[in-house]
Amino acid sequence: MRTYLVLNYGSSSLKAALYKQDISLIEKYTISDFNISNTEQILQNLLSRINILPDVIIHRVVHGMDYKSPFLIDENGLNILRFLAEINPLHNKISLKGIEFLMKRFPEKTHYAVFDTDFHSTIPEYARVYGIDIDFYKQGLKKYGFHGISYSYVLRKMCELLSKNSPNLIILHLGSGCSICAIKEGKSIDTSMGFSPLEGLIMQTRPGDIDPGLVLYLLKSHKINEEYFYFNSGLVSLAKINNFKELEKRYLSNEDLSILAMEAFVYRIAKYIGSYYILFDSIDGIVFTGGIGENSSLIRNMVCEKTKPLGIEIDPQKNQNNEILISSSKSKIPVYVIKTNEEEEMLLKVLNMKN
């Protein structure tokens, strides 16, 4: 039976899972403190721990523009991935370094890329276009959206849970990176991240929505470069804390900067939920996922309190217990918590691809 190594490259961590073709998990690893400078060493250490060498290696690549998944990585494919790394340096350069290392190590193996952007190919043009020269849009400067592998997994699980093939959902992926997605009749129709993973919600180290005039001012007056927006903005810059659990503790201790950061974080989420709510005639559920979404009962409670005008009401005990359904029987919209599994979803996309 063929084996598949699935590599989920994040901006600060690596998740690796080894599967059999029947989707049974053999081994799984999560490695923190992962970055572009130690990518090769960490992959080398990972290979020394894996008991079975894979037949196929599947790589998560965040930005795929309009390329479809699974994407066969041959020499031509590798050149395309190098181009995409210039579009999204935060994530793609890390995955590219891993791909190049493993293709040299295992040139005889089959390598595939699975793109986060592919899931959002159903977003209509009017929601993709920016208010800039239409020629830029035709050149590919438009909204792409991210976290698509996670959204695809959560959508599949919600279809099973609801016994419904094409549900209407608002899904919040809250982690180091944060985004929200409106899914209508089982398809993405809008999402908060755009051309890059900088747009939308306030994130751990990224600012989310920001006035372009402010960006221009900062570039001129403070000589700020792109690293500031990828690594030194967001919650870490508002609260001066690089740890979400510590941020929660300080918030509960009434520390001023932490209160401001948390309230801004929740406000932006609630505002997006409200703006997506009007896109539906009815909603089958609001879903929390990602590291923060799955584990922070405080954030879920704050978000649901902020969106009470929509008729949302959660059960405090269910929320505290991280149950799958955390809304009360009185809630007009059910609220769920689904633990995402991007590695499994990537494997399924390769197994189910059309030859």
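Helices here are DSSP runs of H or I, at least four residues long, numbered from the N terminus. With that settled, here is one loop to start from: Leu141 lies between helix H5 (134-138) and helix H6 (148-162). The model is a predicted one, so please take everything I say as computed from it.

Now the protein as a whole. The secondary structure consists of 15 helices and eleven strands. The radius of gyration is 20 Å, and the globule rule gives 20 Å for 355 residues, so the protein is as compact as a globular protein of that length. The C-alpha trace spans about 55 × 55 × 45 Å along its principal axes.

On burial, 56% of the 355 residues are buried. The accessible surface of the protein is about 16600 Å², and carbon and sulfur atoms account for 50% of that. As for contacts, take those between residues at least 6 apart in sequence: 65% of them join residues at least 24 apart.

Next, the aromatic rings. A pair of rings is described by the distance of the centres and the angle of the planes. How many aromatic pairs are there? The count is nine, with ring centres required to lie within 6.5 Å.

One of them is Tyr67 with Phe71. The ring centres of Tyr67 and Phe71 are 5.7 Å apart with the planes at 75°, which makes the pair edge-to-face, because planes over 60 degrees apart count as such. Tyr67 is partly exposed, at 33% relative accessibility, whereas Phe71 counts as buried at 11%. Tyr67 and Phe71 form one aromatic cluster with Phe115.

A second pair is Tyr272 with Tyr276. Their ring centres lie 5.8 Å apart and their planes stand at 75°, so this pair is edge-to-face. Where do these two tyrosines sit in the secondary structure? Both are in helix H11 (residues 256-277), and because Tyr272 and Tyr276 are four residues apart there, about one helical turn separates them. Tyr272 is buried, with a relative accessible area of 13%. Tyr276 is buried as well, at 3% relative accessibility.

Terms used. Residues are numbered from 1 along each chain as its sequence is written. This is a predicted model: local features need pLDDT of at least 70, side-chain atom pairs count only at pLDDT 80 or more; totals for chains, interfaces and linings use all residues. Side-chain values use heavy atoms; hydrogens and water are left out. The radius of gyration is taken over C-alpha atoms; the globule rule is 2.2 Å times the number of residues to the power 0.38. Buried means under 20% relative accessible area, exposed over 50%, partly exposed in between (1.4 Å probe, protein chains only). Contact means heavy atoms within 4.5 Å. Accessible areas come from the Shrake-Rupley method with a 1.4 Å probe; for residues, only the protein chains shown count as cover. Rings of Phe, Tyr and Trp (its six-membered ring) pair if their centres lie within 6.5 Å; planes under 30 degrees apart count as stacked, over 60 as edge-to-face and the rest as tilted.
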